[in-house]
Amino acid sequence: MTSSSKASGKESGASGSENKRSAPRNSGTPALADTILDGLSDRQKEAASYTDGPLLIVAGPGSGKTRVMAHRLAYLTGSEGVPPYRILAVTFTNKAARELRERCQRLVPTAADQLRVFTFHSFCALMLRFDGEYVGLKQGFTIYDDDDQARVIRRILQEMDIDPKQFPVGQLRSIISSSKNKNILPPAFQQNAETYREEVAGRVYEKYQEALSRSNAADFDDLLLKAFQLLENQPEILDKYQRRYEHILVDEFQDTNPLQFNIARLLAAKHKNICVVGDPDQSIYSWRHADPTNLTDFRATFPDAKIVTLDQSYRSTQVILEAADAVIANNEDRMEKTLWTENPRGDRVSVAEVYDEEGEARAVINEVDRLVKQHDLSRDQIAVMYRINAQSRSLEVACNRSGVPYRLVGGVKFYERREVKDILSFLRLVLNPADDAALERIINVPARGISDRSVTELRRAAATHETPLLDAVLSVQDEKNPLGVSLSKRAANSVVAFAELVERLVEQSLSLQPQELIDLAMERSGYVRWLQEDKETGEERMENLRELRGSAEQYSGGDPREQLAEFLENVALVSDVDGVRTGNPFAATQADVGQEAITLITLHQAKGLEFEAVFMVGMEEGLLPHSRSVEDPAQMEEERRLCYVGMTRAKRWLYMLHTFQRRFRGSLSPSMPSRFLMELPEPLVNAQTVRSRASQTETRKDEMWSRRAAMAPAAARSASQPGLEFAAGDRVRHSHFGEGVVVSVKAVPGDVEATVAFSGNGVKRLMLGFAKLERSGAGVGADSGSSSTSEKGGE
DNA sequence: GAATTCATGATTTTT
DNA sequence: TCATGAATTC
C-alpha cells in the first residue's frame, strides 16, 4: 500500500536517463502525455501508453504493476481523451480494486471519481441487477455465500436421504463450483457422470440449482456463470456493454478463471482494447479455478497482442530477488522470467530454526524490536506471513505478552460473524421472501419455540407445493392453511408469531432506512434481549451489531428497498470492512487505526503488498508446502509460487523461520524444514542473524539455531557418512550443556542423532541438525561465533 | 422445546 | 485445538 512512495524515488532515476528515446506514439498532446508518464521507466511507459489493441503485461513482483495501471488509466483519460466511464477496470479481489482506485485517485483525482474499478463478481452482479431476468434472476435476488450453499446442500442431502458422511458437503460444493466455472451445467454433468459418486453428485447439483432458482438466489459462481450466459445469449445486451466500454483492463490476470476470461473476451470483442496484467509466477488461486493458462489463451485469442514484460524490480534487494528466483526456478511449468534490480545487494536472507511456535513468535518479536531500534524501522514496514490463519494465534499471544502492536489481516471476517449473519438474514428475507437459506437461519434464532421438527414439517409442506419456505410459514398464519402444514397448537402459535414478525419487517422496509430496519429486526426478533442475557459474549456481539448498523448508514437517503438491496449486495461481495477491528480475544494490543503496528497476514493475502522486513514463519513441510499439496506436482508448484510471493514482498530484510517441533491440532509433532529452504542458494543465506533475547533471559535451551548444514537433505548425508561432522570420541562443546564427549552417532529419519556425555550434565541425545554442537578445541564448527548483533541490546 | 453435554470431525487460501 | 452437530437431560 505504501509502495508508491518508495518506488517512485528509484523509478524517477531510471526514467531520467532514457527519457528522450520515444516520443509518444499517439498524437494526443505530447506535452501532457509526458507529464502523465513522468517517472515511469521506458518499459513502463510503453505498457502504460500502448493503446492500439490487445496488450499483455507480464509484471514481476515489485515491477510497478499497479503504478503502470494507474498511469495507463491516467493516460487514457488525460492524453487519449477517453471518458473515464468508458473504461472498465476489473480486478480479482476487493483489495486490489481498492488499491487501484486509490492510486488513480492520487494521480487523476477528477477522472477517478467517474472511474469505477470492479471485481469480476461485483461487475457481474451489476449486469445481473439490470438484466438478470434473462437468466432466471428476478429483481432483488440474493447472493448466497459458502454458508448458505452448505445449508442448501445439507438440506438436499437430507431430502434425498444421502449420508453426508459419504458425500461430504464441502466436497459436493467444490464439485458444483468447479463445474460452474467450466460452464458445465447439471444436464451436461449428469451426461458425463461415469461413477456412482458422480451420478449422485450430478443429482445433488441439479437439485441445488433448482433450489437456488426457487429461492431467487445466485451463488458466487452463478454471478459469473449467469453473467456469461447473459452476454453470450443476448446479443443486444452484449452490444450495449461492448459499446459502453472502449477499454478494458484486467488486473491479476493470472488469477482469473476461464469463465472470467470469457466474460472479458466477450466484452472486448468489439474494440479489442483489452489490457491484461499479471504474473504467472504469482498465480496462487488455482484452487478457486484460476487458470494461469489464461495467459497463453490470451495470446491465442488475440494473436496480435502486444506483450510487455516488466522485469525490473524496484522493490527488493538483489539478494532477495536472487533467492526468490532460485526458488521459483524449480517450477517446471513456467514462463521463464528473471527479475533484476538496480537496488543494493542487501543483507542475506536469514534462515533460522526455533524450538516451537512460541519460540518462533518470540524470535520474530525480538528481531522486530531490533529492526525498530537499530534501523529506525516503522512497525508498519514489518510483516509476518504464514500459510494458514491458525498460525496467527501464537504470534498474537506473543505480541500481546510483549506489548507489540499488531494488525491482524483477515481472520474471522466481520460479515461472517454469527450475529451479523443472523441479523442480515432478516434483511435478506425482507428483500427476498424466497430466500430459504436466510429463513432457515433465523426461524428459531433466538429460540422462539419452533423446533427442528416443526421446521421439517414446514419444509415438507413447502416442498410438496414447490414454494418458498416462507409460504409455509404464512400458511400456518392463514386460517385456511392452504399448504396444509400440520403442527401442534403450541408450535403453530410460535410460527404465527414469527410470521407476524416477518410481515412487520416487510411492511416497515418500505419506509425505514436500512439501519433503522436493523434496529427493528434486532429489537423485534428478541435479539437484543437475547444478547443482554448472554453475559459471556453478549456485549461483544452487540458491539458487532452496532458496527453493522454503522456500515448500513451510508446506504440511506434513497428509496429504502433500493438502499437495502445495495447494502446487502455490498455485504455479500465485500467480505472485509475497512477499519473494523476484529473482536478476537487476543485483541488487547491489536493496534488502533493510525498506530504503528506490525502486520500479521497470510501469504495469500499478502500478494500485492510490500514491506521493508518480512518474516515468513512456519517454513516447514506440511505447512509450506501444505500437506494437502505434496502429492500433486501441480499443487506443489503452486505452493512454491506462494513461497515466491512471500519472499518477494520483502524490500530489504527477509527472514524464514521453521520450528523444531510444532503443536498442531492439539498434539505435538516434529517438523521438517520446508523443501523450499533447501532451494535457497547457500551464499545468499545467513543462518545466524536472528536471535531470541528470550533464549538468554528465559530457558536458554528453548531456542536452538540451525546451521545451514542442517538444511541439506540430512537423510542422504547420514546414510552415506553418518556423523559427517562428528564421530564417537570427539570432544565437543554445546552452548547449554557445556563440554562433552560424543558417545555415538546414528542416522535417524531426516537427521543425525548424536549421543553425548557432558561433564556435569549427564548424557544427552542431540539432533545434529538442530543442536548447536561445536568441536571443542579444534573449533572447526561452521558457526563458531555464537554472539550476534541482536544480543547486544538484549543482554 | 431448550439447554447441556458429548462426540465427532475437520482444519488453506477468497469472491 | 476448536467448532459444529448430535444425543441426552432438564
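The structure is a predicted model, in which local features need pLDDT of at least 70 and side-chain atom pairs count only at pLDDT 80 or more, whereas totals for chains, interfaces and linings use all residues. Residues are numbered from 1 along each chain as its sequence is written, chains are lettered from A and ligands numbered from 1 in the order in which they are written, and side-chain values use heavy atoms, with hydrogens and water left out.

Chain A contains 33 helices and 24 strands; helices (H or I, at least four residues) and strands (E, at least two) are DSSP runs, numbered from the N terminus. Of its 795 residues, 56% are buried, where buried denotes under 20% relative accessible area, exposed over 50%, and partly exposed the range in between (1.4 Å probe, protein chains only). Contacts (heavy atoms within 4.5 Å) were also examined by separation along the chain. Among those in chain A between residues at least 6 apart in sequence, 75% join residues at least 24 apart.

Six strands form an open sheet with parallel pairing, in the order S3-S2-S6-S7-S1-S8. Strands S3 (117-119) and S8 (306-310) lie at the edges; each has a single partner strand, so one side of each lacks a neighbour in the sheet. From one strand to the next, the twist averages 20°. Two strands are taken to pair if DSSP finds at least two bridges between them. Strand S2 (residues 87-91) runs parallel to S3 and is joined to S3 by 3 bridges, with Thr119 in S3 as the bridge partner of Thr91. Helix H5 (residues 94-107) packs on this sheet, where H5 touches S2 and S3, and the direction of H5 makes about 175° with that of S3. Helix H7 (residues 120-131) likewise packs on the sheet; H7 touches S2, S3 and strand S6 (247-250), and its direction makes about 95° with that of S3. Axes are lines fitted to C-alpha atoms, for helices over the stretch in contact, and angles run from 0 to 180 degrees between N-to-C directions.

Strand S14 (residues 598-602) is mostly covered, with 5 of its 5 residues buried. Strand S12 (residues 382-386) runs parallel to S14 and is joined to S14 by 4 bridges, Val384 having Leu600 as its bridge partner.

Helices H9 (residues 169-181) and H12 (residues 220-233) pack at an angle of about 20°, their axes lying 9 Å apart. The two helices are therefore roughly parallel, a class that covers angles under 35 degrees, with over 145 counted as roughly antiparallel, 65 to 115 as roughly perpendicular and the rest as oblique. At this contact, Ser177, Lys180 and Asn181 of H9 meet Asp221, Asp222, Leu224 and Leu225 of H12. By class, the contact comprises 2 nonpolar, 2 polar and 3 charged residues; Ala, Val, Leu, Ile, Met, Phe, Trp, Tyr, Cys and Pro count as nonpolar, Asp, Glu, Lys and Arg as charged, and the others, Gly among them, as polar.

Gln661 is located in strand S17 (residues 661-664). Gln661 has a relative accessible area of 15% and is buried. Beyond its neighbours within four places in sequence, Gln661 contacts Tyr355, Asp356, Glu357, Leu668, Ser669, Pro670 and Ser671.
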